[in-house]
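Visitor: Could you take me through how the features of a structural model are read, with the general idea before each case?

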Amino acid sequence: MTQIRETAGNFEGAQKRVGLVAARFNSRIVDGLVQSAVDCLLRHSVSPDAIEIVRVPGAWELPLALDELARSGKFDLLVALGAVVRGETPHFDYVCGETSSGIARVSLQNRLPIGFGLLTCENSEQGRQRSGGKAGNKGWEAAAAALEMADLLQRLRS
């Protein structure tokens, strides 16, 4: 009988170069995501000088900056961090949907893992809970997912 082969990535960050793109809008929420993402990367052996943080005005601008970093060839993985809080208009739906699609498109077109740390919240309290409160920290989760995918892609390509 043939052996079934299974390939999975791990969270080893040594020798990895990481670009974090973070929105300034909703900074009370996003700053917690950034701190936790950086903590995750450092705890998984990414060197501090291998991490670059790029700030953009808001969530809408995340895909363009991610694409620029991806095309530079300087990074092994990227992390997108932002927060969109629902308001009284449909603006929330457009920003969330298009930004999410843009992030996915950048990842697929550049064949580069991007950790998805875009919070889409009903209110600011939900955002605070997901950026270091009772619901954990989605910045950490996004960074960990990107590290794992970078390692997995490296394994699949070798």
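What follows is a conversation about cores, a pocket, a helix and a few single residues.

Guide: This is a predicted model, in which local features need pLDDT of at least 70 and side-chain atom pairs count only at pLDDT 80 or more, while totals for chains, interfaces and linings use all residues. Residues are numbered from 1 along each chain as its sequence is written, and side-chain values use heavy atoms, with hydrogens and water left out.

Visitor: Which residues touch the most other members of the largest nonpolar core?

Guide: A nonpolar core is a set of buried Ala, Val, Leu, Ile, Met, Phe, Trp, Tyr and Cys residues joined through side-chain atoms within 4.5 Å, where buried means under 20% relative accessible area, exposed means over 50%, and partly exposed lies in between, with a 1.4 Å probe and protein chains only. Here the largest core has 26 residues, and those touching the most other members are Leu 20, Leu 41, Val 46, Leu 77, Val 79 and Leu 81. At least two residues of this core come from each of strand S1 (18-23), helix H1 (27-43), S3, strand S4 (114-121) and helix H5 (138-157), and H1 gives the largest share, eight residues. The element names refer to DSSP runs numbered from the N terminus, helices being H or I of at least four residues and strands E of at least two. A second, separate core of 21 residues includes Leu 69, Leu 78, Ile 103 and Leu 118.

Visitor: What does Leu 81 touch, not counting residues up to four places away in sequence?

Guide: Contact means heavy atoms within 4.5 Å. On that basis the partners of Leu 81 beyond four places in sequence include Leu 20, Val 30, Leu 33, Leu 62, Gly 117 and Ala 142. One of these partners, Gly 117, has its place in strand S4 and is buried because its relative accessible area is 1%. The C-alpha atoms of Gly 117 and Gly 82 are 6.4 Å apart in space, although the two residues are 35 apart in sequence.

Visitor: Which residues line the largest pocket?

Guide: Rolling a probe the size of a water molecule over the atoms shows where empty space is left. On a 1 Å grid over the protein atoms alone, a pocket is an open set of points where a 1.4 Å probe fits, with protein on both sides within 12 Å along at least five of seven lines, and lining residues have an atom within 4 Å of a point. The largest pocket holds about 170 Å³ of space, and its lining consists of Phe 25, Asn 26, Pro 57, Gly 58, Ala 59, Trp 60, Glu 61, Ala 83, Val 84, Val 85, His 91 and Val 95. Strand S3 (77-85) and H3 are the elements that give two or more residues to this lining, with the largest share, three residues, coming from S3.

Visitor: Where is Thr 99 found, and why does Thr 99 count as buried?

Guide: Thr 99 is found in helix H3 (residues 91-110), and it counts as buried because its relative accessibility is 1%. The side chain of Thr 99 reaches the backbone oxygen of Val 95 at 2.7 Å, and Val 95 is one of the residues that line the largest pocket. Beyond four places in sequence, Thr 99 is in contact with Ala 59, Trp 60, Leu 62, Pro 63, Tyr 94 and Leu 118.

Visitor: Which residues of helix H2 are buried?

Guide: An α-helix has 3.6 residues a turn, so residues three or four places apart point the same way. In helix H2 (residues 62-72), the buried residues are Leu 62, Pro 63, Ala 65, Leu 66, Asp 67, Leu 69 and Ala 70, and what covers them includes S1, strand S2 (51-56), S3, H3 and S4. Asp 67 counts as buried because its relative accessibility is 14%, and beyond four places in sequence it is in contact with Val 106 and Asn 110.

Visitor: Which phi does Gly 73 take, and where is Arg 111 found?

Guide: Just after H2, Gly 73 takes a positive phi of about 75°. Arg 111 has a positive phi of about 55° although it is not a glycine; Arg 111 is found in the loop between H3 and S4 and is exposed, with a relative accessible area of 59%. Ser 45, also not a glycine, has a positive phi of about 75°, and its place is in the loop between H1 and S2.

Technical notes:
A polar contact is a pair of N or O atoms within 3.5 Å; within protein, one must be able to donate a hydrogen and the other to accept it, and residues adjacent in sequence count only if both atoms are side-chain atoms. Grid points are joined across faces, edges and corners, and a volume is the space filled by probe spheres set on the points.
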